[in-house]
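Welcome! Take a look at it first, and then read on.

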Amino acid sequence: MLANYAAAIAPGALNPVPISCHVASLYWLFKDELKRDPVLADFTGPLYNPTNVIGQMLPYGRRITKPVFGNLALTAGSVIVFVQNQQPRHSCTASTANTVVGYNQTNWFTGLGVNHGFSQHNITEIRWRGGLSNKDDVQGNQGSWCQLIAVPEVAARAIIRQLCT
C-alpha cells in the first residue's frame with residue numbers, strides 16, 4: 001500500500017537529493033505500482049512534468065472539507081493535493097487517517113516542514129480559512145488560499161500505470 005511504503009522509505013531514502021513534493025509523490029506511486037525504482041528516463045519521459053501528472057489525478061479526487069463536528073479523517077494511501085486556480089501547488093500522501101507525509105512541506109502546515117526534505121504532519125496542522133464563506137479553503141505556503149483534494153490511491157496508481165507502462 002502506498003501509505004505504508006511512503007512512510008517507511010521516506011525519512012532517509014530521498015533526503016540526499018533535494019526534490020519537490022510532486023516528484024516525491026510520483027516516486028512513491030511509481031515504486032508502489034510498478035515495483036521498481038523510477039530511473040532518470042522515467043522523469044525525463046512520461047513523468048517529465050510532475051505538476052501536470054499530479055494535475056491529471058485531480059478529476060478523480062474529491063474535495064476535502066472542514067468537518068462541522070469531530071476531526072477530519074483521511075483514507076490512508078490517498079494523494080492529498082493543495083489546489084489553487086485549478087493547479088496543483090503541493091502534494092503529499094496520507095500515511096494514516098490523521099497523518100500526511102511528503103517532501104518540501106515548508107509552510108504548508110502549521111508545523112515545521114523541511115525545505116526539499118521529508119516531513120510528517122498531523123492533519124490538525126492544516127490551516128483552515130474558517131468563517132462563513134470559503135470556510136473549506138486552506139492556507140498554502142505563501143498565504144494563498146487553496147482547496148484540498150484527496151485522490152484515491154487506486155486512481156493515482158492507474159495514472160502512473162497508464163503513463164509508464
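Gln-84 stands opposite Gln-87, a residue of strand 3. Keep in mind that this is a predicted model.

Strand 2 and its partners
- Strand 2 covers residues 79-84, and strand 3 covers residues 87-96.
- These two strands run antiparallel and are joined by six bridges.
- Two residues lie between the strands in their hairpin, where Asn-85 has a positive phi near 55°.
- Strand 2 also pairs with strand 7 (residues 145-151), again in the antiparallel sense, over five bridges.
- In that pairing, Val-81 has Ile-149 of strand 7 as its bridge partner.
- Five of the six residues of strand 2 are buried, so the strand is mostly covered.

A loop residue to look for
- Thr-75 sits in the loop that links strand 1 (62-64) to strand 2.
- Is Thr-75 buried or exposed? Thr-75 counts as exposed because its relative accessibility is 51%, and the cut-off for exposed is over 50%.
- Although 20 residues separate Thr-75 from Ser-95 in sequence, their C-alpha atoms are 8.3 Å apart in space.

The largest pocket
- The largest pocket holds about 190 Å³ of space.
- Its lining includes Lys-66, Pro-67, Asn-98, Ile-123 and Trp-128.
- By class, five lining residues are nonpolar, five are polar and one is charged.

Definitions and conventions. Residues are numbered from 1 along each chain as its sequence is written. This is a predicted model: local features need pLDDT of at least 70, side-chain atom pairs count only at pLDDT 80 or more; totals for chains, interfaces and linings use all residues. Side-chain values use heavy atoms; hydrogens and water are left out. On a 1 Å grid over the protein atoms alone, a cavity is a set of points where a 1.4 Å probe fits but cannot get out, and a pocket is an open set with protein on both sides within 12 Å along at least five of seven lines; lining residues have an atom within 4 Å of a point. Grid points are joined across faces, edges and corners, and a volume is the space filled by probe spheres set on the points. Ala, Val, Leu, Ile, Met, Phe, Trp, Tyr, Cys and Pro count as nonpolar, Asp, Glu, Lys and Arg as charged, and the others, Gly among them, as polar. Helices (H or I, at least four residues) and strands (E, at least two) are DSSP runs, numbered from the N terminus. Buried means under 20% relative accessible area, exposed over 50%, partly exposed in between (1.4 Å probe, protein chains only). Two strands pair if DSSP finds at least two bridges between them.
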